[in-house]
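Biologist: Please take a close look at helix packing in this model. I would like the other local points set out around it.

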Amino acid sequence: MNETSDGLLATDEPPPFTVDNENGTSPFLIVADHAGRYFPRRLGQLGLSNAECEAHMAWDIGAGAVCCLIGKALDAVVVLQNYSRLVIDCNRTPGSETSILDLSERTRVSGNIGLSQRHKLARFREIFQPYHDRIATELDRRREAARPTALISVHSFTPVFETAARLWHVGVLYNRDRRFAQILLELLHREDGLVVGDNEPYSVTDASDYTIPVHGEQRDLHHVALEIRQDLITDEAGQRMWAALFARLLPQAYQRLT
Ligand SMILES: [Zn+2]
């Protein structure tokens with residue numbers, strides 16, 4: 001790739017997304033917008049240290065692994081974004097203020113400061129768009145086959161934000177349509193010892209999200225977004241536990257809906 005080319009990813013770099021269990025037959029389509037922490041080689045690490053690139057601000061720790069385990073348990077298709085949210089956030093409207101951050105909490109992301117339109121466009125074209133196109137293709141195919149579908153968007157959140165400890169173990173998030181979320185909340189509340197956030201620590205909005213509003217709401221699909229606290233899914237034992245919980249509860253919730 002030469003210097004004047006607009007291309008971002010070289011041919012030997014990871015693809016923008018990974019599909020796991022591609023032929024899964026479950027109604028669930030499980031997606032993780034912030035699963036990955038690759039940086040295109042051409043961007044270096046955007047001026048960040050190794051530690052910053054491994055921290056929560058670069059990706060949703062544990063989320064991708066939990067998705068794959070749920071997918072395996074339920075025979076569900078899983079689509080994971082492979083590149084760091086700091087390259088371009090795949091859960092934000094492209095061109096919006098939070099799509100490509102130059103400040104993440106208190107960390108300056110120097111490689112994102114003063115970015116030209118051309119460079120923003122390359123990130124959109126090569127990372128954001130292929131990921132969302134793949135989700136759209138999967139949903140189109142199911143619609144054509146009249147196959148029931150529910151969209152499950154999985155994230156993980158940091159246990160401490162700025163200086164506030166977050167006590168929830170898990171959050172169930174929604175925007176205009178709270179049907180799936182409501183049933184899942186009821187089921188989670190019945191589990192022993194769980195602190196469950198109802199639209200906490202975040203809620204889904206058009207300004208702060210893309211995946212649920214565009215793929216879930218606009219298509220009128222059943223959907224829910226999950227936020228799992230990162231320290232609970234950092235290791236494999238935790239990932240297995242949380243995947244088993246959702247592999248048990250998601251079908252129960254969906255059955256009650258339909
Ligand atoms: Zn996330």
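Modeller: Glutamate 105 is a place to start, in the loop between strand S4 (103-104) and strand S5 (107-108); helices (H or I, at least four residues) and strands (E, at least two) are DSSP runs, numbered from the N terminus. This is a predicted model, in which local features need pLDDT of at least 70, side-chain atom pairs count only at pLDDT 80 or more, and totals for chains, interfaces and linings use all residues. Residues are numbered from 1 along each chain as its sequence is written, and side-chain values use heavy atoms, with hydrogens and water left out.

Glutamate 105 has a positive phi of about 50° although it is not a glycine. Most residues other than glycine have a negative phi, and most peptide bonds are trans. With 33% relative accessibility, glutamate 105 counts as partly exposed; buried means under 20% relative accessible area, exposed over 50%, and partly exposed in between (1.4 Å probe, protein chains only). Leucine 46, also not a glycine, has a positive phi of about 60°. Leucine 46 is in the loop between S2 and H1 and, at 2% relative accessibility, counts as buried. Glycine 47 is found in the loop between S2 and H1, but at 60% relative accessibility glycine 47 counts as exposed. A cis peptide bond, with omega about 0°, joins glutamate 200 and proline 201. Proline 201 sits in the loop between S10 and helix H5 (211-217).

Two packed helices are described by the angle between their axes and the distance between the axes. For helix H4 (residues 179-189) and helix H6 (residues 236-257), the axes come within 9 Å and cross at roughly 130°. Axes are lines fitted to C-alpha atoms, for helices over the stretch in contact, and angles run from 0 to 180 degrees between N-to-C directions. H4 and H6 are therefore oblique to each other; angles under 35 degrees count as roughly parallel, over 145 as roughly antiparallel, 65 to 115 as roughly perpendicular and the rest as oblique. The crossing of H4 past H6 is right-handed, a crossing being left-handed if the near helix is turned anticlockwise from the far one by less than a right angle, and right-handed if clockwise.

On the H4 side the residues in contact (heavy atoms within 4.5 Å) include Phe180, Ile183, Leu184 and Leu187, and on the H6 side they include Leu245, Phe246, Leu249, Leu250 and Ala253. The residues of this contact of H4 with H6 divide into 12 nonpolar, one polar and three charged. Ala, Val, Leu, Ile, Met, Phe, Trp, Tyr, Cys and Pro count as nonpolar, Asp, Glu, Lys and Arg as charged, and the others, Gly among them, as polar. In H4, the buried residues are Phe180, Ala181, Ile183, Leu184, Leu185, Leu187 and Leu188. What covers them includes H6, along with S2, strand S6 (150-157), strand S9 (170-173), strand S10 (196-198) and strand S11 (222-229).

H6 also meets H2: the axes of H2 and H6 come within 8 Å and cross at roughly 45°. That makes H2 oblique to H6, and H2 passes H6 in a right-handed crossing. From H2, Ala65, Val66, Leu69, Ile70, Ala73 and Leu74 make the contact, and from H6, Gln239, Arg240, Ala243, Phe246, Ala247, Leu250 and Pro251. Those residues of the contact of H2 with H6 divide into 11 nonpolar, one polar and one charged.

Glutamine 239, in helix H6, is worth a separate look. At 11% relative accessibility, glutamine 239 counts as buried. Glutamine 239 and valine 66 are 173 residues apart in sequence, yet 5.2 Å apart in space, C-alpha to C-alpha. Leaving aside its neighbours within four places in sequence, glutamine 239 is in contact with Gly62, Ala65, Val66, Leu69, Leu232, Ile233 and Thr234.

Last, the metal site. The zinc ion has His34 (ND1), Asp60 (OD) and His155 (ND1) as protein donors, 2.0 to 2.1 Å from it. Donors are N, O and S atoms within 2.8 Å of the metal (3.2 Å for Na, K and Ca); water is not among the atoms, so sites may look incomplete. Along the chain the donors follow the spacing H-x25-D-x94-H. Histidine 34 is in the loop between strand S2 (28-32) and helix H1 (50-54), and aspartate 60, 26 residues apart from it, is in the loop between H1 and helix H2 (63-74). Both histidine 34 and aspartate 60 are buried.
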